[in-house]
Amino acid sequence: MWRIDLSDNAITGQISSSNISSIFPNLQFMNMSINAIHGSLPDEFGKMNSLDTLDLSDNHLSGEIPKDISRVGSLRFLKLSNNKLDGPLFPTLSDFDHLEQLYLDGNSLSGGIPSNFSSTTLLLIFGGYHDRGLYPFHWVQEKTIFTTKKNSYPYTGSILDDMTGIDLSYNKLTGNIPPELGSLTSILALNISHNQLTGKIPDTFSNLLQIESLDLSFNLLSGNIPTQLSQLTFLEVFSVVHNNLSGAVPDKGQFMNFDESSYEGNPFLCGPTLPKICNANGQLPAILPNDSYTDGDFGSW
């Protein structure tokens, strides 16, 4: 047997922690998504040397992602979205040799995003908190859902070769955003929202010249928004809401189209598209023109 699809049923219980690799030694495809399976991910998956696709999303799985799963050199598609997984995201998942698609959104994964992330063989990491795509391989019709420009689009066939993005949203990732992410010049969407990331927005994001959607909202980012981001001429969705950013927002190119809904929850931002106007130094004035409010009184804005 090389294919198992038990998705979208009412299956409960745990995945057997022993003998699964010996029972299905030639298994290439396993889909047990959209069930009520609980417990941890068995280390046995690391012994399934023929496994190409593993989808266990939308269950109640908990615990850490087993490190042995990276030993499956044939694995190209791994989807564990919308479970209760915790523990470190990396380096467990940086060891894959041939992984092409990885969905991890909607868990409680922690740790940082490594600086060598962009140099791995991972070609596509995309998801969306509620997306459910099919499997773009030679024995299944190529189809998936990709969310960008505030809409979700189904893509089929070889167009998937050109669709790239990163979605690590709704986890507990910490640390700085590595500047090396700016070398992923072909991505169309980057979503690392709803984490606990700190530090500044990297200037290198100005190299993401194809990007259409950039979501950094609901983190702990600080400092200025790099003015170089105005070079992103295809950017149509931008959100940094609920961070600790300050200073002037970019005021050229696509950024003239982003109003305060892209920036809310950052009381020290200012600019021509916001209610608060910057001074000559590109900062929020300590005393506003009507002398009625100071930099510590934003309650009326």
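Author: A residue is called buried when its relative accessible area is under 20%, exposed when it is over 50%, and partly exposed in between, as computed with a 1.4 Å probe on protein chains only. The model is predicted, so local features need pLDDT of at least 70 and side-chain atom pairs count only at pLDDT 80 or more, whereas totals for chains, interfaces and linings use all residues. Residues are numbered from 1 along each chain as its sequence is written, and side-chain values use heavy atoms, with hydrogens and water left out.

The part examined here is the loop between β8 (101-103) and β9 (108-111), where Asp105 is placed. Strands (E, at least two residues) and helices (H or I, at least four) are DSSP runs numbered from the N terminus. Asn107 also lies in the loop between β8 and β9.

Asp105 is buried but has no salt bridge, and Lys79, the nearest side chain of opposite charge, is 7.0 Å away. In this count Lys and Arg are positive and Asp and Glu negative, while His and the chain ends are not counted. A salt bridge requires a side-chain nitrogen of Lys or Arg within 4 Å of a carboxyl oxygen of Asp or Glu. The side chain of Asp105 does make a polar contact, at 3.0 Å, with the side chain of Ser81. Such a contact is a pair of N or O atoms within 3.5 Å; within protein, one atom must be able to donate a hydrogen and the other to accept it, and residues adjacent in sequence count only if both atoms are side-chain atoms.

Asn107 counts as buried because its relative accessible area is 6%. Its side chain reaches the backbone oxygen of Leu104 at 3.1 Å. Leaving out residues up to four places away in sequence, Asn107 touches Leu80, Ser81, Asn82, Asn83, Lys84, Leu85, Tyr170 and Asn171, where contact means heavy atoms within 4.5 Å. The C-alpha atoms of Asn107 and Asp86 are 6.7 Å apart, although 21 residues separate them along the chain.

Salt bridges are found elsewhere, and the structure holds two of them. Arg76 and Asp52 meet in one, at 3.1 Å from N to O. Arg76 lies in the loop between β5 (60-63) and β6 (77-79) and Asp52 in the loop between β3 (38-39) and β4 (53-55), so this pair ties together parts that are 24 residues apart in sequence. Asp52 is buried, with a relative accessible area of 10%. Lys47 forms a salt bridge with Glu44, their closest N and O atoms being 3.3 Å apart.

As for the whole, the protein has one helix and 20 strands, and 50% of its 301 residues count as buried. Its average pLDDT, the predictor's confidence in each residue from 0 to 100, is 79, and 75% of the residues score at least 70. Mean confidence is highest in strand β17 (residues 220-223), at 97, and lowest in strand β11 (residues 151-156), at 43. Over residues 119-163 the pLDDT stays under 50. Where pLDDT is low, predicted coordinates should not be read in detail.
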